[in-house]
Amino acid sequence: MERTKIGRNLPIYTEYRNGGNSCFTLIKRISGDTRRLSADLMKHLTSAKESETGKVLDEDKRKKLKSKWRIREELGHIWVHGKHTEIVRKFLESKGF
């Protein structure tokens, strides 16, 4: 993953659509295996949600979370439904990005 040119920050953005009714976390500038990064990130977000609520997510909620992911390999982007910017940033920094 390549950092931004100005500020050398991680390319993680929060985007609002439909008049602010829909919120997405966008991860850009991914080079390499986008699907593997997405799978690792999904595991981390799932465990973060479980520790946040104190409950284990059932299979329906896991499927719902997975259905709201979009991967654009040709662009090197991952779209995640919801505002997860800080969780994603901490995850990527722990992985050495």
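Here are legends for a few close-up views of this predicted model.

Residues are numbered from 1 along each chain as its sequence is written. Local features need pLDDT of at least 70 and side-chain atom pairs count only at pLDDT 80 or more, while totals for chains, interfaces and linings use all residues; side-chain values use heavy atoms, with hydrogens and water left out.

View A. Four strands line up as 1-2-4-3, with antiparallel pairing (strands pair if DSSP finds at least two bridges between them; strands are DSSP runs of E with at least two residues, helices are runs of H or I with at least four, both numbered from the N terminus). At the edges sit strand 1 (12-17) and strand 3 (69-72), each pairing on one side only.

**View B. Strand 2 beside strand 4.** Four bridges join strand 2 (residues 22-27) to strand 4. Look for Ile-27, whose bridge partner in strand 4 is Ile-78.

**View C. The largest nonpolar core.** This one has 15 residues, and Ile-27, Trp-69 and Ile-78 are among those with the most contacts inside it. (A nonpolar core is a set of buried Ala, Val, Leu, Ile, Met, Phe, Trp, Tyr and Cys residues joined through side-chain atoms within 4.5 Å; buried means under 20% relative accessible area with a 1.4 Å probe, protein chains only.) Helix 1 (34-53), strand 4 (77-81) and helix 3 (85-94) each supply at least two residues, and helix 1 gives the most, with four.

**View D. Around Leu-92.** Leaving aside residues up to four places away in sequence, Leu-92 touches Met-1, Leu-10, Ile-12, Ile-27, Leu-37 and Phe-97 (contact means heavy atoms within 4.5 Å).

Technical notes:
Buried < 20%, exposed > 50% of the residue type's maximum accessible area, 1.4 Å probe, protein only.
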